[in-house]
Amino acid sequence: MLLLVVAACSAGPSQRPPVAYRDAEQQVTPQPQAPGPAPVPPLGPPAQESLTWDDCTEQTRGELGVPALPAGMTFTCSRLPTTLDSPEAPGRGTARSAVISAGSGRIPLVVLGDIGGEPGTAFAARMALRLPPELLRTFRVIGMDRRGTGESDSADCIPIERRNAILGFDPRATDRTTLDRLVDSVRDASQQCLLSLDERLQAYDTWRTAADLEELRLELGVPKLHAVGRGEAARVLTTFAERFPESVGRMVLDGAPDPQLDAIAQGEAQAQGAEQVFDRFAADCAARGCPLGPDPRRTVSDLVERTRAAPLPGTPVTAGKITQAVLLGLRDRDAWPGLAQALAAANRGDGSAVAAMVAPLVESTPPAPARLDGDMITSCNDTTLRVPPQRSTEIAADWSARFPLFGGVFAQRLVWCGLWPVPQQALPVPRTAGLPPVPVISTAHDAAVPALGSDHMAEQLPSGVVLRWLGAGHGAVGRSECATTAVTRFLVDGVVPTEGMACPG
């Protein structure tokens, strides 16, 4: 009987109202409890849209480079009018963002990717090809080219020679004199962007992209916005939730940066994570008998060292570009064999495959601008931290010693923003209470977003629910069958994943 009484008293949180306890000297009033998560929102009625859509199926198929589309898959394209709202000219001016719609479901599902990745419309279209039929019967996938990227009003402002200098810079440079050359390239890039964009320069950021999502919701004519954000785009969705909590529908974060870290700590975590993912790539490569030999890390490290002084002919292919290509290739587990082939060719003196991998970062192919511009502008507008040159030199030396392949690359990203105008506000920390449950996927081996950062995002969100994928790559939705099924059940049926659920790699 005593055991039954104890069990009954400890079965769960009390539902009784708070009580004030009084002893001989003092009265202690319990603190009010924060509200718990709101229920999962209903899907809502079909969209009542204001946008005008035009068929762009064949154009999109060609851009994706796929020979044929699944039966019934179509794409339509439109333009979203948005408010420029730059800090220097609040509420003045307009911009237009390219948007795409995939499939024929009745409910819009916005899908966002990283600012430095392929344009949002291409990302959403490619994602639609990976999603299960059950999800596509319910949802119509919506993609948007974020400010300054793709076919939106672009931020095509950095001269191509400066892009090549910045992304191709020696990844193992640690002395002040050498790093000063990177500073000179960044200074020229920032000056050119300031001249070209003027008052629009600081309007390209995550804070205002979140407002673009609210305008997209209104144009789509839906009461709540359902969305999936991969990697860095998760901050767009959490910022949207902070600014427009009443507009939040069913939202999934497919990997997320750590909201508790500044730019220095974030870069250090990314460098460490990238090294760990490369070790996994190297082990997989060696096990398959790949062309990089029995010790792929040694082979790639020697290749980087040789090309520091003697770039491969062509664009040219420098040590920095080789390292950038590796970082890009590590993001997609299915692309690892191709990455190994490209690096093996570079090791034989043929850098054409590596050059093709990094070309979208530095070369504008109208109507899409080079990806570096939007990445640099948005990244620098999103952080108030500016690292002095001496401190950058110290960080480069430290990280290059501890993370020999990628430490220098991430240290150099801190230099990018050193001469950039300081934004008037930092991104908000996700803390709004009363939101519906938000699944956050933590990928064990992600070269772009360390798993620990995604765990911290789930902890920081009052309604965050962590779902772990034990695999490798950037983004689990569309790659892990287990994670994709869990996300589909949440989006379609409102079934929240079990906290800490783990999917096999």
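1. Cys503 has a relative accessible area of 1% in this predicted model, and because buried means under 20%, the residue counts as buried.

2. The sulfur atoms of Cys482 and Cys503 lie 2.0 Å apart and form a disulfide, and since the torsion about the S-S bond is about -65 degrees, the link is left-handed. Cys482 belongs to helix α18 (residues 481-493) and Cys503 to strand β12 (residues 501-503), so the bond ties together parts that are 21 residues apart in sequence.

3. A disulfide joins Cys157 and Cys193, with 2.0 Å between their sulfur atoms, and this link is right-handed, with 75 degrees about the S-S bond. Cys157 sits in the loop between β7 (139-144) and α5 (160-167), whereas Cys193 is part of helix α6 (residues 176-197), so the pair connects parts 36 residues apart in sequence. Both cysteines, Cys157 and Cys193, are buried.

4. Cys285 and Cys290 also form a disulfide, their sulfur atoms being 1.7 Å apart, and the torsion of about 95 degrees makes this disulfide right-handed. Cys285 is buried at 0% relative accessibility, and Cys290 is likewise buried, with a relative accessible area of 8%.

5. Taken over the structure, the count comes to five disulfides, and when the bonded cysteines of the chain are numbered in sequence order, the pairing reads 1-2, 3-4, 5-6, 7-8, 9-10.

6. Glu275, which is found in helix α9 (residues 263-287), is buried, with a relative accessible area of 7%. Apart from neighbours within four places in sequence, Glu275 is in contact with Arg297, Phe403, Pro404, Leu405, Phe406 and Gly407.

Conventions
Residues are numbered from 1 along each chain as its sequence is written. This is a predicted model: local features need pLDDT of at least 70, side-chain atom pairs count only at pLDDT 80 or more; totals for chains, interfaces and linings use all residues. Side-chain values use heavy atoms; hydrogens and water are left out. Helices (H or I, at least four residues) and strands (E, at least two) are DSSP runs, numbered from the N terminus. Buried means under 20% relative accessible area, exposed over 50%, partly exposed in between (1.4 Å probe, protein chains only). Contact means heavy atoms within 4.5 Å. A disulfide is a pair of cysteine sulfur atoms within 2.5 Å.
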